[in-house]
Structure formats: structure tokens, C-alpha cells
Amino acid sequence: FCRRQAEWLSSHGCMLLGVISTSASQLSLFAMTTLSFIRMMGVFKNSMTAPVPVNKKAILKTVCLVMTIITTSLAIAVVPLIPYLEDYFVQGLYYDAKYRVFVGFPNKSKSTSRFSKLISTPPT
């Protein structure tokens, strides 16, 4: 892994696994938060009665809520893959060009090229 770290971290496979992992984590988080909130509202409203028949309005609200959760989870996972924001999410740091303190710090393309040069040169 160490020899191919830069190649792996910039590959489509890593991106896909990152999107899947982040989406699943966010989906779980939002679903548990929503279910807890619904349960809390039920306790506060004393709606501890038997379930009522389901109507179209309830189904529509549930579908909208589920779609909102899925869309938000996917958005959080996909935003780092937008090319315009690519350098912002490299190693969790953003290197702003106007601050000269970070002159020696690379962006993603420089990191990849430097790592590939290090990997391709035989040890002496």
C-alpha cells in the first residue's frame, strides 16, 4: 500500500469507496436522528395509542423525508469530488495561494507527481 499510496488515493476506486462509506455513515446518522426525533415527538404529544390507518399524505411525507435524507447524505459524500473544490479536500487542508507560509506545500497534482517519482526511483 505504501508504494502505491498516492496512486490509490487519487484513483476512482478510492473515490467510489469513499462516497459509499461516507454516504452510508451519513445515512445512518440522519436516519437515527430522524427516528429519535419522531419518537420524542410521539412521547411529548402522548400519541402512545394504536397506529392509525395510513393515508396518502402520510406516505408522501415519509417518501419526502427519506428522499431528503438520501439526497443530503449523497451531497455530503460527493461534494469533495467536485473538481473546483479538489484542492480544498486534499489531505483535509486548503492551501490558499495568497498566504506565502504554505509556499512549499503541494496541491494534489504536485503530491501525485512527487510520490510517483519517489516510488519509481530505485533505492540506493
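Helix H2 is followed by Asn46, whose phi is positive, near 55 degrees. The model is predicted, so local features need pLDDT of at least 70 and side-chain atom pairs count only at pLDDT 80 or more, while totals for chains, interfaces and linings use all residues. Residues are numbered from 1 along each chain as its sequence is written, and side-chain values use heavy atoms, with hydrogens and water left out.

Along the sequence the pattern reads α-α-α-α, with four helices and zero strands (DSSP runs of H or I, at least four residues, for helices and of E, at least two, for strands, numbered from the N terminus).

H2 itself has 33 residues and spans 47 Å from its first C-alpha to its last, close to the 48 Å expected at 1.5 Å a residue (1.5 Å times one less than the number of residues). Its buried residues (under 20% relative accessible area, 1.4 Å probe, protein chains only) are Cys14, Val19, Ser23, Gln26, Thr34 and Gly42. Across the protein, buried residues make up 13% of the 124 residues.

The partner of interest is H3. H2 (residues 12–44) packs against H3 (residues 56–78) at about 145 degrees, with the axes 8 Å apart (lines fitted to C-alpha atoms over the stretch in contact, angles running from 0 to 180 degrees between N-to-C directions).

Definitions and conventions
Buried means under 20% relative accessible area, exposed over 50%, partly exposed in between (1.4 Å probe, protein chains only).
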